[in-house]
Amino acid sequence: MRNTLTLAVFLVGTLASGLHAQSSLFFIEIQAVGGYSTASRTVEYFSLMPDDVMQKPSVGFDFVQRVSGKSRDLGVLAIQGRLAYDQRGEHHLEPQLYNAFFRLKAGFADIWIGHSRPALGLSSVLDSHALLLPSPAMLGYGFDRDWGVGLERDFSWGSAAASLTAGSGMPLYLKGNYLAAARVSKGVLARDNYSLGLSVSHGDILDTMGYTLVESEAFSWSAAGLDASYLWRNLENRAEVLLGRRDGAGMFLFFWRAGLALLEESRLKLEVQPVFSKAAGAWDYSLGSGLTYLLNADLAGRFMALYDHGHRDVRFVVQIYFYKRL
């Protein structure tokens, strides 16, 4: 893994070499995470699954730099990394590379290369890196981040995106695996208070969990999905329906997250999240609820209760999250 991190940082650094830095942002990130599982009857220092990168006690940084040529902005370089505590790992300290990409402003579209979001479903537009409630990608339906290239363009009516990635998630493996994906959306959430997205994807992907390769052989993946986000006053609703085939078997996902913002500046948020799914011929569901309280602009406290029917487990997780610009 260390070689992958070194190579990735070198690649994104090379992309930006020779470009003049106009402005940069540097943030420090610190999080403490701990929970209790009724199935294991133990205190566990991760939010959902031990091999997943989110969420674990960690210290990290988030660096964003705008670069330009002589007459115009050329793009943005983004690198986000952490050193996390891996409770069940051999060495207990796990380096994580989350974002590592250069986004080129090509005029007709933005083109990114590196480690970023595939153009697949709600996870491609939902920033989950600090949240406890799991996104569709965290539940195994797509990838939160993947290695490859992508193209994105905003329109007055919405947006369009396409990507060709490795289909291996956090680590980079080349075993004949790939994932091609595309998404088109109607509505601009920040302006129209709604967005509707349609996604399609196909490839031969690898089964990975965090940086762990679960199976060494790639398997087929084909899916189509519809996602929606809707804001009304202090209510938020985000949903996704995904249909397809995974390794020759039918798969299905229904994901819904509803939130209620309270207090001044929406400092308190209450959320519920039911999920129904089918994979490998078996139906499953989970029911989650979450609470977020912003103590100030840099510090947030979160709580999650999640019932996982498949594992017959109820998890109670607490997180303190600090994110500050230096």
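Relative accessible area, computed with a 1.4 Å probe over protein chains only, classes a residue as buried under 20%, exposed over 50% and partly exposed in between. The model is predicted, and local features are reported at pLDDT of at least 70, side-chain atom pairs at pLDDT 80 or more, and totals for chains, interfaces and linings over all residues. Residues are numbered from 1 along each chain as its sequence is written, and side-chain values use heavy atoms, with hydrogens and water left out.

Aromatic pairing was examined for rings of Phe, Tyr and Trp (the six-membered ring of the latter), which pair if their centres lie within 6.5 Å; planes under 30 degrees apart count as stacked, over 60 as edge-to-face and the rest as tilted. Ten such pairs are found in a search of the whole structure. Phe 155 and Trp 157 form a stacked pair, because their ring centres are 4.8 Å apart and their planes lie at 5°. Phe 155 is partly exposed at 30% relative accessibility, and Trp 157 is likewise partly exposed, at 37%. The pair of Phe 252 and Trp 283 is tilted, with centres 5.6 Å apart and planes at 55°. This pair links distant parts of the chain, as Phe 252 belongs to strand 15 (residues 249-262) and Trp 283 to strand 17 (residues 282-294), 31 residues apart. Strands, like helices, are DSSP runs numbered from the N terminus (strands E, at least two residues; helices H or I, at least four). Phe 252 has a relative accessible area of 21% and is therefore partly exposed, whereas Trp 283, at 57%, is exposed.

A nonpolar core is a set of buried Ala, Val, Leu, Ile, Met, Phe, Trp, Tyr and Cys residues joined through side-chain atoms within 4.5 Å. The largest core has 18 residues, of which Leu 97 and Met 304 touch the most other members. At least two residues of this core are supplied by each of strand 5 (93-105) and strand 18 (299-308), and strand 5 provides the largest share, three residues. Another core, of 16 residues, lies apart from it and includes Leu 120, Phe 219, Phe 255 and Val 275.

Contact is defined by heavy atoms within 4.5 Å. Beyond neighbours within four places in sequence, Gln 80 is in contact with residues including Glu 29, Phe 61, Leu 97, Tyr 98 and His 129. The face of Tyr 98 also carries Arg 82, at 5.1 Å from the ring centre; the criterion for a charge over a ring is NZ of Lys or CZ of Arg within 6 Å of the ring centre and within 35 degrees of the ring normal.

Asp 227, in strand 13 (residues 219-232), is buried as well, with a relative accessible area of 2%. Its side chain makes a polar contact with that of Arg 183 at 2.8 Å. Such a contact is a pair of N or O atoms within 3.5 Å; within protein, one must be able to donate a hydrogen and the other to accept it, and residues adjacent in sequence count only if both atoms are side-chain atoms.

Glu 265 has a positive phi of about 55° although it is not a glycine, and Ser 266 likewise shows a positive phi of about 55°. Glu 265 is located in the loop between strand 15 and strand 16 (268-279) and is exposed, at 75%.
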